[in-house]
Amino acid sequence: MGNAKLWGLKKSPWVFHLAAAPCNNCDIEILDLIAPRWDVERFGIVLIGSPRHADALLVTGVINRKTLPRVLRVYEQTPKPCLVIAIGACACSPNIFTPSYNVVGPYDKHMPVDVYIPGCPPKPETMIMGIIKALKRL
Amino acid sequence: MRRIVPIGPYHPLQEEPEFFKLIVEGEKVVDLEINIGYNHRGHEFISQTLTWDQVSFLVERICGICSDSHPYAYVLAVEDIVHITAPPRAQYIRTIIGELERIHSHYLWLGLAGHFIGYNTVWMWVWRYREPLLDLFELIMGNRNHYAINKIGGARRDILPEDYPKIEKYLDLLEKKNTMFTNAILDDPVIRARLENVGVLTKEDAIAYAVTGPTARGSGYACDVRKDDPYDAYDKVDWNMVVFPEGDVLAKAKVRLIECHESIKIVRQCLKDMPDGPIETRVDEIPPGEGIGRHEAPRGEVFHYVRSDGSNMPVRHKVRAPSYMNIASNVVAVRGYSIADAALVLAAVDPCYCCTERTFVYENGKKKYSGQDLLRLSWKKTEDIKRRYKK
């Protein structure tokens, strides 16, 4: 059963986009992925509306005190195994937001992260490469 | 019977997590409660721990869509403290980037508005012609977003003369396509039926809620920092403020489309008149004092207040972004319209949105609609109108 799920995941990963406290830039670049130039739907990567259907979470932005419980709840709702792909410098490490009183750290402090895609924002090509790398690891 | 439709904090209209509570009676929206603060990262506090030059990189990360506007207003505020102005060439460079960013932001809105009413063709076409613009940004400034062109006392990078033809070539393409989009959207009876007389914000309400930018200009209230309080090259070029009196979603769309034409006009004139010379005035020290900076971002007026005590970092930095007032006006704009229109009306002020659908309608504690259903309701309404027009 586990193998069947992995096999299905590799063929057409459904991704859910989770933005904790982002600046929108990574999020727009994610939407750019489904716009005509990159069009990741030809690889079977589909953006979906519910974490319960997600094979992978695309996480962006830093986590703050108000969003932390909600982010954890979304992660709990995803069926496992679920890939977590941290997109952008904020999701990989809090960097510029380190002095802030409201930021509670990067994603890997709160949930297992499979792939880190640094960049502010990473280019869409880099994001595709990150997703492919995550799938190859399975 | 009254029901509550919570939208968010992760919901179809915004990328930033925000929480709207629609109170509905049957199909009709009777009230709206807004709860923000999910995106609070403490920028104003962090700004006080960084040096003057570092802050311009920080304020860029407030919003990725208008990532030129915040540093622009910030450097204007600091230049106000020091009592200097940027050299003429730097002023023209900043104006060009500010206007190109306006085009990119308005196109982004137009595409997503198309998506919300079920016209994914509009989305894909518009975003296709947004891509070459991002390539131009990469060519001039080395990054597709977060350009870091503004620096205290001038511009960080020069626009090279060999890049002028590339920019002009793109503007030619864009002018043609923008005309095509304007005609396509204004001629389509279905789009007109979906947008016309929906989400009307009257001029009185616009003033009462202190809205700015295209939201105010679409309600017939003429306010634009570029005209009211010109800075940099805006008083040296010839352009018109776009105002429509209707106040509905169509008027806001028209304002944005025609503003793109005006932006093309401004960039063309700037490229033609751009003087030679240095791009930076050297600033050695920030004296004690306070300064304000205002810039007309794609969504409205961005206001920055900075206070200095003569040290190497600001002691107080206050930011007011346009969406803060614009979102509040949703309370009156959405009242009385159907749930199918709500997604569009909430998006019409152009808050920064995305497509993570996580909305639920609760009826006596039982889940009824999800975010996908809300979009589907909106798409179904468009389909119904289409069918009516075919008959």
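Before the first count, one definition: a polar contact here is a pair of N or O atoms within 3.5 Å, where, within protein, one atom must be able to donate a hydrogen and the other to accept it, and residues adjacent in sequence count only if both atoms are side-chain atoms. On that basis, 13 residue pairs are in polar contact between chain B and chain A, with both residues of each pair at pLDDT 80 or more. The pLDDT comes in since this is a predicted model.

By class, the side of chain B that touches chain A divides into 22 nonpolar, 13 polar and 12 charged residues.

Now the extent of the contact. Chain B puts in 47 residues and chain A puts in 42 residues. The area buried between the two chains is about 3600 Å², and carbon and sulfur atoms give 59% of that.

Next, charge pairs. As background, side chains of opposite charge can pair when their charged atoms come close. Between chain B and chain A there are six salt bridges. One of them is B:Arg144 with A:Asp32, where the closest N and O atoms are 2.9 Å apart. A:Asp32 also meets B:Arg130 in a salt bridge, at 3.3 Å from N to O. B:Arg130 lies in helix α5 of chain B and A:Asp32 lies in helix α2 (residues 25–34) of chain A, so this pair joins two chains. Please look at A:Asp32 on the screen, with B:Arg144 and B:Arg130 as its partners. Over all chains, a search of the whole structure finds 33 salt bridges.

Let me move inside chain B. Together the two domains of chain B bury about 3200 Å², with 64% of it on carbon and sulfur atoms.

The polar side of this domain contact is as follows. Nine residue pairs are in polar contact between domain 1 and domain 2 of chain B, again with both at pLDDT 80 or more. B:Arg194 forms a salt bridge with B:Asp341, with the closest N and O atoms 3.1 Å apart.

On to aromatic rings. The whole structure has nine aromatic pairs over all chains. Take B:Tyr72 and B:Tyr231: their ring centres are 5.6 Å apart and their planes are at 85°, so the pair is edge-to-face. B:Tyr72 is in helix α3 (residues 69–82) of chain B, while B:Tyr231 is in the loop between α10 (225–228) and α11 (249–273) of chain B, so the pair ties together parts that are 159 residues apart in sequence.

Last, the backbone of chain A. Most residues other than glycine have a negative phi, and most peptide bonds are trans. The peptide bond from A:Lys80 to A:Pro81 is cis, with omega near 0°. A:Pro81 is in the loop between α3 (68–77) and β4 (83–87) of chain A. A cis peptide bond also joins A:Cys120 and A:Pro121, with omega about -15°. A:Pro121 sits in the loop between β5 (115–117) and α5 (124–137) of chain A. Then there is A:Asn24, a residue other than glycine with a positive phi, near 80°. A:Asn24 is in the loop between β1 (14–19) and α2 of chain A.

Conventions: Residues numbered from 1 in each chain as written. Chains lettered and ligands numbered in written order. Predicted model: local features only at pLDDT ≥ 70, side-chain atom pairs only at ≥ 80, totals over all residues. Heavy atoms only, no water. Contact = heavy atoms within 4.5 Å. Buried area = accessible area lost by both parts, 1.4 Å probe. Salt bridge = Lys/Arg side-chain N within 4 Å of Asp/Glu carboxyl O. Nonpolar A, V, L, I, M, F, W, Y, C, P; charged D, E, K, R; others polar. Phe/Tyr/Trp six-rings, centres within 6.5 Å; stacked < 30°, edge-to-face > 60°. Helix = DSSP H or I, 4+ residues; strand = E, 2+ residues; numbered from the N terminus.
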